[in-house]
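Subject: Structure handover

Hello,

Here is the structure for your files. My notes follow below it.

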Amino acid sequence: MTVINNDAEYPAIYARTRDGFGVRLRIGGKGQAFFQVDTPCVRESEVADSTSKATAPLYEGMEFIPRPNIHSDFWSADGSGSAAASRS
């Protein structure tokens with residue numbers, strides 16, 4: 001553990017491993033939890049292109065899975081707190 005914040009309203013805990021991995025958990029306003037993980041620097045290397053296409057449905061004219069701010073019947077929750085209706 002590197003830091004423990006025992007604040008009654010906004011507690012937080014921070015941890016780091018010897019090899020540079022880090023984790024932090026903070027509680028914000030109205031109980032919102034923020035979880036963050038950090039990794040140490042890595043050596044840059046070549047990454048092969050994918051050998052298969054995305055299996056999620058794409059919007060007409062779009063090449064990639066939609067960004068988080070675009071509603072998708074496949075990816076987006078239905079607003080009731082549960083996952084979207086049947087995905088089959």
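R26 stands opposite F34 in β4. R26 itself sits in strand β3. Strands here are DSSP runs of E with at least two residues, helices are runs of H or I with at least four residues, and both are numbered from the N terminus.

First, the ground rules. This is a predicted model, in which local features need pLDDT of at least 70, side-chain atom pairs count only at pLDDT 80 or more, and totals for chains, interfaces and linings use all residues. Residues are numbered from 1 along each chain as its sequence is written, and side-chain values use heavy atoms, with hydrogens and water left out.

More on R26. In β3, R26 is the bridge partner of A12. Setting aside neighbours within four places in sequence, R26 is in contact with P11, A12, Y14, Q32, A33 and F34. Contact means heavy atoms within 4.5 Å. R26 counts as partly exposed because its relative accessibility is 36%. The classes are buried (under 20% relative accessible area), exposed (over 50%) and partly exposed (in between), with a 1.4 Å probe and protein chains only.

Now the overall layout. The protein chain has 0 helices and 4 strands. Its pattern along the sequence reads β-β-β-β. The 4 strands form an open sheet, ordered β1-β2-β3-β4, with antiparallel pairing. β1 (3-5) and β4 are the edge strands, and each pairs on one side only. From one strand to the next, the twist averages 5 degrees. Axes for that angle are lines fitted to C-alpha atoms (for helices, over the stretch in contact), and angles run from 0 to 180 degrees between N-to-C directions. Two strands count as paired if DSSP finds at least two bridges between them. As background, strands of a sheet pair through backbone hydrogen bonds, either parallel or antiparallel.

Next, the hairpins. Strand β2 (residues 12-16) pairs with β3 in the antiparallel sense over 5 bridges. Within that pairing, R24 in β3 is the bridge partner of Y14. The hairpin of β2 and β3 has 5 residues between the strands, and G20 in the turn has a positive phi of about 100 degrees. β3 and β4 also run antiparallel, joined by 6 bridges. Their hairpin has 5 residues between the strands, and K30 takes a positive phi near 55 degrees there.

What about charge pairs? The count comes to 1 salt bridge. The term means a side-chain nitrogen of Lys or Arg within 4 Å of a carboxyl oxygen of Asp or Glu. D38 forms a salt bridge with R24, and the closest N and O atoms are 3.2 Å apart. D38 lies in strand β4 and R24 in strand β3, so the pair ties together parts that are 14 residues apart in sequence. R24 counts as partly exposed, at 27% relative accessibility.

Then the surface. Which residues form the nonpolar patch? They are M1, I4, I13, V23, L25, F35 and V37, with about 680 Å² of accessible area together. Patches are made of residues with over 30% relative accessible area and no salt bridge; like charges are joined within 9 Å, and nonpolar side chains (Val, Leu, Ile, Met, Phe, Trp, Tyr) within 5 Å. β3 (22-27) and β4 (33-38) each supply at least two residues of the patch.

F35 lies in strand β4. F35 counts as exposed, at 60% relative accessibility. F35 and L25 are 10 residues apart in sequence, and their C-alpha atoms are 4.6 Å apart in space. Leaving aside neighbours within four places in sequence, F35 is in contact with V23, R24 and L25. V37 also lies in strand β4. V37 counts as exposed, at 51% relative accessibility.

Last, the chain totals. Buried residues make up 11% of the 88 residues in the protein chain. The chain exposes about 8,100 Å², and carbon and sulfur atoms supply 54% of that area. Accessible areas come from the Shrake-Rupley method with a 1.4 Å probe, and for residues only the protein chains shown count as cover. Among contacts with a separation of 6 or more, residues 24 or more positions apart account for 0%.

Best regards
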